[in-house]
Amino acid sequence: MKFTNRTALVIALLLLFIFTNFTTNKFDLNTKTVNTTKVAYFASGCFWCVEAIFESVRGVEDVVSGYAGGFTKNPTYESSNTGRTGHAEAVAVYYNPNKISFKTLVDVYFGSHNPTTKNGQYPDYGSQYRSIAFYADAAEKEIINKKIDKLNSEVYNGKIVTEVKKIDAFYVAEAYHQNFEKLHPRHPYIQNISVPRLNRFKKRFPELIK
């Protein structure tokens, strides 16, 4: 086939488009599914568990598993598991603020894991499983810090190790991690770890369940 200059230009532009759109898994922090949707970010152990918990909450429209809190660009599941990317397994929680507040999502977050465990939640340990509550602005940061102060005073005797960090980047995890609990209900980890954790949350917060 003989290529003209115009054909070559079209091919070059097409390749550029493919490269720029598919060589990174970085998430646009300004993305919204609809005009009424906001996004909150949390890390508290295996994202299979955390995703399932937030998906069960009224007012939450979608949850995406990914990586956040680190310094490495375009982390993968394999690189994250080394503990050398700085990232933790995290979730992006899409929610309708007219149905649920960020404050309530923070309550869900702290009520669904042990925030005093350094670098992990049973049975997953390592910096990639640490507890991080992310904020997008000063108002969200204040809500998180007030919750920590209250829990430290009334429940945990100052032992909370949860990091409070500004969300600078969120990298979407590989496709096979998304909706993992729903798609793999017979997986041993799901049956033995994720489902019991979800059920404990549902028992504790029945008024928030869809």
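**View 1. The largest pocket holds about 310 Å³ of space**. A pocket here comes from a 1 Å grid over the protein atoms alone, as an open set of points with protein on both sides within 12 Å along at least five of seven lines, and lining residues have an atom within 4 Å of a point. For the volume, grid points are joined across faces, edges and corners, and the space filled by probe spheres set on the points is what counts. Before going on, note that this is a predicted model, in which local features need pLDDT of at least 70, side-chain atom pairs count only at pLDDT 80 or more, and totals for chains, interfaces and linings use all residues. Residue numbers run from 1 along each chain as its sequence is written, and side-chain values use heavy atoms, with hydrogens and water left out.

Who sits nearest the middle of this pocket? Of its 20 lining residues, Ser 112, His 113, Gln 121, Arg 197 and Arg 200 lie nearest the centre. Helix α7 gives the most to the lining, with 7 residues, and β6 (124-125) also supplies at least two. Helices (H or I, at least four residues) and strands (E, at least two) are DSSP runs, numbered from the N terminus. The lining divides into 8 nonpolar, 8 polar and 4 charged residues; Ala, Val, Leu, Ile, Met, Phe, Trp, Tyr, Cys and Pro count as nonpolar, Asp, Glu, Lys and Arg as charged, and the others, Gly among them, as polar.

**View 2. Helix α7 (residues 188-204) packs on helix α2 (residues 47-55)**. Their axes are 9 Å apart, at an angle of about 35° (lines fitted to C-alpha atoms over the stretch in contact, with angles from 0 to 180 degrees between N-to-C directions). The crossing is right-handed, that is, the near helix is turned clockwise from the far one by less than a right angle. From α2, Trp 48, Cys 49, Val 50, Ala 52 and Ile 53 meet α7 residues including Tyr 189, Ile 193, Arg 197 and Phe 201, contact meaning heavy atoms within 4.5 Å. Sorted by class, that makes 10 nonpolar, 1 polar and 1 charged residues.

**View 3. Lys 147 and Asp 107 form a salt bridge**. Their closest N and O atoms are 3.0 Å apart. Lys 147 lies in helix α5 (residues 138-154) and Asp 107 in helix α4 (residues 102-110), so the pair ties together parts that are 40 residues apart in sequence. The structure holds 5 salt bridges (a side-chain nitrogen of Lys or Arg within 4 Å of a carboxyl oxygen of Asp or Glu).

**View 4. The structure holds 2 cavities of 30 Å³ or more**. In a cavity, a 1.4 Å probe fits but cannot get out. The largest has about 50 Å³ of space, and Thr 117, Lys 118, Arg 130 and Glu 163 are among its lining residues. That lining has 1 nonpolar, 4 polar and 3 charged residues. The second largest cavity, at about 30 Å³, is lined by 8 nonpolar, no polar and 1 charged residues. Strand β2 (38-44) and strand β7 (131-135) each give two or more of them, with β2 giving the most, 3 residues.

**View 5. A cis peptide bond runs from Tyr 122 to Pro 123**. Its omega is near 0°, and Pro 123 lies in the loop between β5 (120-121) and β6.

**View 6. Asn 157 has a positive phi**. The value is about 55°, although Asn 157 is not a glycine. Asn 157 lies in the loop between α5 and β8 (163-166).
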